[in-house]
Amino acid sequence: MDIGLNLSKSKELFEEAKKYLVKGVNSPVRYFRPHPFFVDYAKDCYLFDVDGNRYIDYCLAYGPMVLGHGNSYVIKKVMEQLERGTLYGCPTEKEIILAKEIVKRVPSAEIVRFVNSGTEATMSAIRLARGITGRKKIVKFDGAYHGAHDYVLVKSGSGALTHGVPNSPGIPEETTRNTILVPLNDEDALRKVIKENKDEISCVIMEPVMGNIGCIPPKDGYLEFVREITEEWDILLIFDEVITGFRLAPGGAQEYYGVIPDLTTLGKILGGGFPIGALVGREDLMEHLSPSGPVYQAGTFNGNPISITAGIATLEQLDEDFYRKTFRSAEKIYKFIGECAEKRNIPHCVNGVGSMFQIYFTDGQVLDYESAKRSNIEMFNRYFYGLLKRGVFIPPSQFECCFTSVKHEGEVIEETLRAIEEVFKKFQ
Ligand code: PMP
């Protein structure tokens with residue numbers, strides 16, 4: 001398979017990598033045919049590979065790099081922290097500073113627990129909800145991805161769906177039996193499930209904008225509906241804002257849509273390019289977590305000073321201008337994608353919210369898992385490889401989301417639009 005780029009060094013590294021790493025990668029979405037490019041370094045909106053190719057990056061490490069790569073202020077602060085020690089296993093003032101910033105911005109946040117990934121955050125949130133309510137069942141949406149742990153790897157999006165295993169072997173049926181699935185944007189389906197399982201459901205967990213099956217926003221009023229029905233039945237509502245947190249607004253999707261959950265999970269942007277996750281929520285709920293309460297959660301690297309420092313330095317830079325710029329550049333791109341596809345009668349549905357967007361090659365709206373799966377994957381692959389060849393890197397899967405950073409502006413956008421136009425021309 002020739003994708004029209006010189007990737008000879010990447011190919012060599014891939015052959016070597018395969019000897020030591022599963023399919024040469026450490027996370028499934030990173031693999032694509034015939035092999036991924038291997039990164040040499042990254043700066044601003046660009047990735048540079050070992051063969052000297054330059055890509056405009058709309059993957060942004062699957063979301064975190066909102067300031068672009070190699071932000072000099074974050075690097076400076078992290079370097080200063082490195083000199084002072086990398087891990088203490090004892091509390092620091094910086095944890096308070098970052099927790100305060102979260103509480104200030106995120107409406108549902110009164111108390112914070114830092115963990116190391118989005119996966120840990122959702123796993124802990126679900127355990128907490130079960131521990132508080134004493135109920136086993138959870139409700140999850142088809143195609144939503146909440147990380148790679150057993151409670152939620154059921155009809156999951158992201159790499160699990162891309163590689164054809166939305167339900168993973170190795171997870172006991174007893175575990176997933178307690179995970180009830182519903183389609184997004186369908187009020188009746190959720191109402192029915194809640195009525196049928198009343199007094200057994202601990203929580204509903206959702207991505208307020210689904211970002212692991214492309215990009216699927218909630219229909220008008222849908223989040224309000226979920227909030228009302230969970231409140232009515234005394235079920236905890238968890239917003240998984242690992243992607244949307246700090247991206248759609250300082251307070252994430254809950255601020256953007258004005259719907260406040262009981263618990264929220266955060267990650268990605270919060271770590272400024274270093275590993276992090278956080279579980280946040282109302283004090284009366286969070287105090288059930290150990291050591292305050294009996295629901296166990298712990299971690300050697302929780303609140304580690306490097307991630308916390310990078311997080312503080314990142315949030316400091318997310319001002320109004322940041323939101324204006326990232327939204328504007330994303331909108332310019334996704335509108336253009338829609339126009340190009342329309343002009344050439346290519347079946348398409350382009351979804352975009354704030355600085356998140358994706359195209360599906362299908363007629364009709366994409367508003368849930370089933371409609372997303374209707375996208376023509378062969379067309380998506382042509383689109384992906386066409387862009388790659390022209391120096392534009394989007395996530396290598398229909399079931400991921402594109403992002404803009406504050407460094408995507410001016411000529412970078414124009415170059416992207418030209419690449420998109422050329423790719424669509426080749427579709428005919
Ligand atoms: N929740 C959501 C919404 C995510 O997008 C992701 C990662 N893509 C996770 C949870 C898991 O986060 P991590 O990869 O940091 O474990």
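Student: Is Phe246 buried or exposed, and how many other C-beta atoms lie within 10 Å of Phe246?

Tutor: This is a predicted model, in which local features need pLDDT of at least 70, side-chain atom pairs count only at pLDDT 80 or more, and totals for chains, interfaces and linings use all residues. Residues are numbered from 1 along each chain as its sequence is written. Phe246 is buried, with 27 other C-beta atoms within 10 Å (buried means 20 or more such atoms, exposed 12 or fewer, and partly exposed in between, with C-beta atoms placed from the backbone). Although Phe246 is not a glycine, its phi is positive, at about 65°, and the residue sits in the loop that runs between strand E8 (236–240) and helix H9 (252–257); helices (H or I, at least four residues) and strands (E, at least two) are DSSP runs numbered from the N terminus. Most residues other than glycine have a negative phi, and most peptide bonds are trans.

Leu60 also has a positive phi, about 50°, without being a glycine, and Leu60 is found in the loop between strand E3 (54–57) and helix H2 (72–83). Leu60 is buried, and 27 other C-beta atoms lie within 10 Å of it.

Turning to the peptide bonds, the one that joins Arg33 and Pro34 is cis, with omega about -10°, and Pro34 belongs to the loop between helix H1 (8–20) and strand E1 (39–43). Ser290 and Pro291 are likewise joined by a cis peptide bond, with omega about 5°, where Pro291 lies in the loop between helix H10 (283–286) and helix H11 (305–315).
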